[in-house]
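Subject: Structure for your review

Dear colleague,

Please find below the structure that I am handing over to you. My notes on it follow directly after.

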Amino acid sequence: MKFFREVGEDIKAVMTRDPAARSKLEVLLCYPGIWALIWHRPAHWLYNHRCKLLARIISQVARNATGIEIHPGAKIGRRCFIDHGMAVVIGETAEVGDDVTLYQGVTLGGTGKETGKRHPTIGDRVIVSSGAKVLGPFTVGDDVKIGSGSVVLKAVPSGSTVVGIPGQIVKRYGSSTSDMNQINLPDPIAIEMEALRRRIKSLERQLGELECMAVDAVRKSQSCIKDKESGEVHEEVSEETRQTLKTPDNDVNAKDISVSKKEER
């Protein structure tokens with residue numbers, strides 16, 4: 001049957017992506033993500049066949065048992081892996097593609113009271129790390145990585161890596177999502193801080209050069225002023241000396257000196 005085949009695919013997906021999984025029986029008995037998906041399938045069928053109340057009751061029973069709340073109207077693709085799963089919320093009009101991995105605390109939600117499509121559409125082979133929020137009726141492309149704690153509020157093209165609040169695309173067509181790497185992601189804040197640090201260093205260097213130029217200019221100006229003042233003083237002294245030699249008293253003294261010299265002879 002299709003139901004059991006899909007459950008078997010989900011179990012194989014867990015065995016492939018989770019190194020802690022030791023056996024298929026352990027995955028079936030101990031992984032709440034598997035049971036959340038098992039309960040969701042009949043609930044989704046009932047929701048599509050106008051048995052919405054019963055579908056909601058089943059989804060709430062699954063929520064209480066697993067800690068994962070999947071609205072029965074949500075569309076979940078094949079081989080979806082909900083790791084740990086506690087506090088995962090998937091809204092009514094959300095759509096999740098194939099081979100998607102969701103970690104604990106992920107929310108695929110809406111942003112207001114809009115009717116109709118109000119939750120995100122997640123492409124194939126997407127990783128949504130723990131605590132990330134994807135809010136709004138937009139599409140997240142295939143092979144996308146969303147970093148832990150990110151808040152994504154707009155569409156994301158395929159092959160992108162998104163981190164931050166609000167989510168920013170920091171890489172395009174980087175490593176494949178199959179490596180399950182959630183650590184080596186670029187940090188946009190650290191990148192911006194490094195750019196600011198380099199800019200400040202450059203401005204400090206330029207400011208230092210301007211200060212040196214200003215100090216040299218002041219010293220040259222002071223030296224010119226001192227030279228000019230000393231020249232003016234010298235000219236004033238020379239003028240006073242000339243005026244003193246031209247006085248009558250000085251003429252008389254000069255005559256006396258010449259007479260005394262003649263008498264000595």
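Predicted model: local features only at pLDDT ≥ 70, side-chain atom pairs only at ≥ 80, totals over all residues.

Residues are numbered from 1 along each chain as its sequence is written, and side-chain values use heavy atoms, with hydrogens and water left out.

The sheet

Helices (H or I, at least four residues) and strands (E, at least two) are DSSP runs, numbered from the N terminus. Two strands are taken to pair if DSSP finds at least two bridges between them. Four strands form an open sheet with parallel pairing, in the order β2-β5-β8-β11. The edges are held by β2 (75-76) and β11 (139-140); each has a single partner strand, so one side of each is left without a neighbour in the sheet. Strand β8 (residues 121-122) runs parallel to β11 and is joined to it by two bridges. Within this pairing, Ile122 has Val140 of β11 as its bridge partner.

The largest pocket

Pockets and cavities were found on a 1 Å grid over the protein atoms alone: a cavity is a set of points where a 1.4 Å probe fits but cannot get out, a pocket is an open set with protein on both sides within 12 Å along at least five of seven lines, and lining residues have an atom within 4 Å of a point. Grid points are joined across faces, edges and corners, and a volume is the space filled by probe spheres set on the points.

The largest pocket has a volume of about 340 Å³. It is lined by 16 residues, of which Lys2, Glu6, Arg41, His44 and Ile76 are the closest to its centre. At least two lining residues come from each of α1 (2-17), α3 (32-48) and β2, and α3 supplies the largest share, seven residues. By class, the lining has six nonpolar, four polar and six charged residues (Ala, Val, Leu, Ile, Met, Phe, Trp, Tyr, Cys and Pro count as nonpolar, Asp, Glu, Lys and Arg as charged, and the others, Gly among them, as polar).

Salt bridges

The structure holds 13 salt bridges, a salt bridge being a side-chain nitrogen of Lys or Arg within 4 Å of a carboxyl oxygen of Asp or Glu. For accessibility, buried means under 20% relative accessible area, exposed over 50%, and partly exposed in between (1.4 Å probe, protein chains only).

Glu6 is buried, at 17% relative accessibility, whereas Lys2 is exposed, at 53%.

Asp10 and Arg41 form a salt bridge in which the closest N and O atoms are 2.7 Å apart. This pair links distant parts of the chain, with Asp10 in helix α1 and Arg41 in helix α3, 31 residues apart. Both Asp10 and Arg41 are buried.

Arg125 and Asp143 also meet in a salt bridge, at 2.8 Å from N to O. Arg125 lies in the loop between β8 and β9 (127-128) and Asp143 in the loop between β11 and β12 (145-146), so the pair ties together parts 18 residues apart in sequence. Arg125 is partly exposed, at 34%, and Asp143 is partly exposed, at 29%.

Two single residues

His44 belongs to helix α3 and is buried, with a relative accessible area of 18%. Not counting residues up to four places away in sequence, His44 touches Pro72, Gly73, Ala74 and Lys75, where contact means heavy atoms within 4.5 Å.

Glu69 lies in strand β1 (residues 69-70) and is partly exposed, at 26%. Leaving aside neighbours within four places in sequence, Glu69 is in contact with Gln60, Arg63, Val88, Val89 and Ile90.

Cavities

There are two cavities of 30 Å³ or more. The largest cavity has a volume of about 60 Å³, and α3 gives the most to its lining, with four residues. That lining has six nonpolar, two polar and no charged residues. The second largest cavity has a volume of about 30 Å³.

With kind regards
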